[in-house]
Amino acid sequence: MDKRYWIGLLIFLLTATTNVSVAQFSLGGGVSTFHGINLPVNRIGGNIFLEVPRTPENTLFVRAAYMLPVKNVSETSVSGKPGVTPSLADADLIAKTSYFAVDGGTRYYLFNQYDIGFAVFAGGHIKGILSSYSADYRMDSQYDIKDYETADYPPQPLTGLSPQYSLLFAFGGTIGVKYQLPIRGALMFDMGLEVITRLYDPYAILGNDISPLSVSFNLGYRFDWY
């Protein structure tokens, strides 16, 4: 092969490599909390996320978060069999709700770039929330089994409600800070405020266990791949 072949091959390789961009993305995870405004329900759990830069100051962001189930105990009463006295016995209604969400949106980095030093970021997001509601009953501990035989009342646990699922939709904004570590990766903290609406909510989780206006906090570590 003559010299022109090698020169041509070299030019081709240089042209090809200059037109190929190196893909960059980040994966991370951390701790999340979720709080309803004007509701006493507070949730804590974890999250994992993916972040992909479009420019040095703008990224696409997707996160999945799971919160530990929250229990709420309230007083109620259960009916005994016909002829049983008293006809009603006190009981506890134990309701449990779950929370799993996926949100995504864009982030804009200020005062520095996505993967350099300290920076502030902000952006909008949309979120889908899958939640469940289940309930069981427990006889009030003040009743002695010698006085009120369990056969006179529904067996333990009393007939409960199997999980009923709700699907909610949310949109809002996020603001946060990040610090790039000397090793590859960054520490991140953000706060999000969002408005939540119901798509399918048969047991009214929204308004009772999840507030229509809610705030979340997320602390995590992001590892960057180049």
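On a 1 Å grid over the protein atoms alone, a cavity is a set of points where a 1.4 Å probe fits but cannot get out, and its lining residues have an atom within 4 Å of a point. The model is predicted, so that local features need pLDDT of at least 70 and side-chain atom pairs count only at pLDDT 80 or more, while totals for chains, interfaces and linings use all residues. Residues are numbered from 1 along each chain as its sequence is written, and side-chain values use heavy atoms, with hydrogens and water left out.

**View 1. The largest cavity and its lining.** The largest cavity has a volume of about 100 Å³, a volume being the space filled by probe spheres set on the points, which are joined across faces, edges and corners. Of the 15 residues that line this cavity, Arg63, Asp103, Lys127, Ser216 and Asn218 lie nearest its centre.

**View 2. The second largest cavity.** With a volume of about 70 Å³, the second largest cavity has a lining that includes Arg63, Arg107, Phe121, Asp190 and Asn218.

**View 3. Arginine 107 and its surroundings.** Arginine 107 is buried, with a relative accessible area of 4%, where buried means under 20% for a 1.4 Å probe and protein chains only. The side chain of arginine 107 makes a polar contact with the side chain of aspartate 190 at 3.4 Å; such a contact is a pair of N or O atoms within 3.5 Å, of which, within protein, one must be able to donate a hydrogen and the other to accept it, and residues adjacent in sequence count only if both atoms are side-chain atoms.

Notes: Buried < 20%, exposed > 50% of the residue type's maximum accessible area, 1.4 Å probe, protein only. 1 Å grid on protein atoms, 1.4 Å probe; cavity = no way out; pocket = protein on both sides within 12 Å on 5 of 7 lines; lining within 4 Å.
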